[in-house]
Amino acid sequence: MTSLQFDIAHLLAGGMLVLSLLLLYQDRILATLNVFALQAIVLSLAVAWQAYVQGAMHLMVTAVIALVVKGFVIPGALNRIVYRLGIHREIEQVIGAGPTMLTGLGLIALSILLVMPVKVGVTALAREDLAFALAVILLGLLMMITRRNAVTQIVGFMSLENGLILAATGAKGMPLVVEISVAFSILIAFSVFGIFVFRIRERFDTVDLGALDRFRRERSTLQ
Amino acid sequence: MMSPVLFLLLIPVAATLLLGFIAHYRIGALLNVLASGATLATAIALLFTERVRTDVFIIDDFNIYLVILTAFVGFTTSIFSATYIGHELEVGKLTPVFLRFYHALYQAMMAAMNLALVSNNVGLLWVGVEVATLSTVMMVGVYRTPEAIEAAWKYFILGSVGIALAFFGTILIYLVAQPVIGEGLPAMAWDMLLRNGARFDAKLLSLAFVFLLVGYGTKIGLAPFHAWLPDAHAEGPTPISAVLSGLLLNVALYALLRFKMVLATHPDTLNVGMIMISLGLISLVFSGFMLYRRRDIKRLFAYSSIEHMGIMTFAFGMGGPLANFAGLLHMTMHSLVKPAIFFAVGHIAQVKGTQRISQIRGLSVTHPVLAVGLALGVIAIAGLPPFGMFLSEFMLVSSSFARQPLLALILVAGLLIAFGALMLRMQDVLFGEPSGPAGGVKASYIPLFVHLTLALMAGLWLPEPMVRWFRAVAAQLG
């Protein structure tokens, strides 16, 4: 593998990481969706590049799925949901951008420290991609923790799955079974999510998950 | 012969598709029972056919016993579910549309658990656990009350995060195996991993296990990753609480044990046993204390499941023939006794119209048969003789005292704390001043008492073939 091939792979994976950081501090729901769509598009480019470099054309399927489903269909659908629920103007209270970003940086450092010492047998490409992927996964996790809104929590989870796909495609020759299952699981996950979003709205008149908490507190004082 | 293994998957999948179209409740319930029965027959047939070992499927002593246990509890629960759900339909808690979903998802979950148990491919194992999780999430939310939605949401978010981390661990396993075994399917086959484990990179293998431990540990319900478990048990339909506790937690523990076996082949990896011991003890002691504060009867027994999963994790963490044997026996007994308790609790909650412990009083007067069932179940789950759990806990405690007296002390303390809580809570429920409706109950007692009889028999006399079987598996677990 030439150094140019390395550089492009790292550029794309790094781009995903930067977009993950951007996702962390978006306080408008629509902006969050846009950044997520962009991340999915970069993911599809990264996967397509891996397919080309590894000569594994079946990975192209994963790239196309990422581009179409996660880049356009899901953000589009969520967009519609957000408009229909009338929360498109809502500004979400995010835990201070400063502390969140610092925590995010800490997580990136952690993933580098975890993965980089690994040497034996694993090619450099796989190793560095893995560090990027782990960082994207951890940032997705962080986003899920800091958000209070069902829609943005979904976005956090899907961003986490982006990291998983990046890791899976970076592993050379990993059987196709797994990629299909991942794409499949995203679809299932999304349909489940969709149902929940609507039900939460139906019952509580809001998609703010704080409502669930308030409900719980009420119940516990009753007991 | 591939066929029994394939049928284990095909029967529930076909039933899932069929049940999705059946609107009538009685036919749906009957078909659910029939499909579960057919799966059980297939599982038993595994005993008499040649062992399968391909890149995709594996059948060995370890998973045969779990497949049969899973199919058995799945079958009895489907019988219980038929009467239970009928009542829910009468009182209007469920609509026929959701019932259709419920039956289809029940079979989907059985198929997914079977897939996880028989797959040799660690990727497929993950797919099985994931699909089982998603289908149970839908079932937990099926009542559509605010509590049920909250529980399902929490279960879904925590379950997905756990599963995502487990998937990352699976990718790492592939990465560590690929340079040694080569690309493609064999590098994800568990038996190949086991055979070549000693040549893997120790650091990366340990890192993979950490992710798998947190990921599958969330599904096992180990503290501190257990937050979803009590809600999911309390708010979903009771048959689902029974299979969650009795089966799905086992499947997650099974997945973890498979990876533990791979790590054990390499001398320089993380001390897996010690981590499992500490997680197990934390879960045991924590849930023991939490039991005292519970007001909801299903939540109470959900915490008791955390406790028992902790005991099993501790046992397998200790390792060695005796502790592993105790762990396997405990797993079996828990899968028999806990669903039995939920069967009883489900009917009790239906006749009393509440799950609040303070409003369920004096069952021995109002509903003597259910009271006997619940009392026997609690005696069994608390680890009192003559039930099988006494045997497994006694073996575990005595073997730990011989090897690690300090850890054994914590174990005994945890067991006693949980025991006290259960006795305290059950006192009033069974023998207090009678309250609430005393009306007749349309219950199916057969699954309840079949489970309890089996647990009792295991405590009095373990059949010799079973002892030999467990010994072989315990040796395999190392």
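Predicted model: local features only at pLDDT ≥ 70, side-chain atom pairs only at ≥ 80, totals over all residues.
Local features need pLDDT of at least 70 and side-chain atom pairs count only at pLDDT 80 or more, while totals for chains, interfaces and linings use all residues. Residues are numbered from 1 along each chain as written, chains are lettered from A and ligands numbered from 1 in the order written, and side-chain values use heavy atoms, without hydrogens or water.

The structure holds 9 salt bridges over all chains (a side-chain nitrogen of Lys or Arg within 4 Å of a carboxyl oxygen of Asp or Glu). B:Lys154 pairs with B:Asp231, with the closest N and O atoms 3.0 Å apart. This pair links distant parts of the chain, 77 residues apart: B:Lys154 lies in helix H6 and B:Asp231 in helix H9 (residues 228-235) of chain B. Helices are DSSP runs of H or I, at least four residues, numbered from the N terminus. B:Asp231 is buried at 3% relative accessibility, whereas B:Lys154 is partly exposed at 24%. Buried means under 20% relative accessible area, exposed over 50%, and partly exposed in between (1.4 Å probe, protein chains only). Another bridge joins B:Asp191 to B:Arg195 at 3.5 Å between the closest N and O atoms. Both residues lie in helix H7 (residues 190-196) of chain B, 4 residues apart, about one turn. B:Asp191 is buried at 9%; B:Arg195 is exposed at 57%.

The second largest pocket has a volume of about 540 Å³. A pocket is an open set of points on a 1 Å grid over the protein atoms alone, with protein on both sides within 12 Å along at least five of seven lines; lining residues have an atom within 4 Å of a point. Points are joined across faces, edges and corners, and the volume is the space filled by probe spheres set on them. The lining comprises 21 residues, with B:Ile68, B:Leu69, B:Thr332, B:Leu454 and B:Met466 nearest the centre. H3(B) gives the largest share, 5 residues. By class, 20 lining residues are nonpolar, 1 is polar and none is charged. Ala, Val, Leu, Ile, Met, Phe, Trp, Tyr, Cys and Pro count as nonpolar, Asp, Glu, Lys and Arg as charged, and the others, including Gly, as polar.

On the surface, A:Val64, A:Leu67, A:Val68, A:Phe72 and A:Val73 form a nonpolar patch with about 430 Å² of accessible area together. Patch residues have over 30% relative accessible area and no salt bridge; nonpolar side chains (Val, Leu, Ile, Met, Phe, Trp, Tyr) are joined within 5 Å, like charges within 9 Å. Areas come from the Shrake-Rupley method with a 1.4 Å probe; for residues, only the protein chains shown count as cover. A:Phe72 sits in helix H3 (residues 59-84) of chain A and is exposed at 54%.

Methods: Helix = DSSP H or I, 4+ residues; strand = E, 2+ residues; numbered from the N terminus. 1 Å grid on protein atoms, 1.4 Å probe; cavity = no way out; pocket = protein on both sides within 12 Å on 5 of 7 lines; lining within 4 Å.
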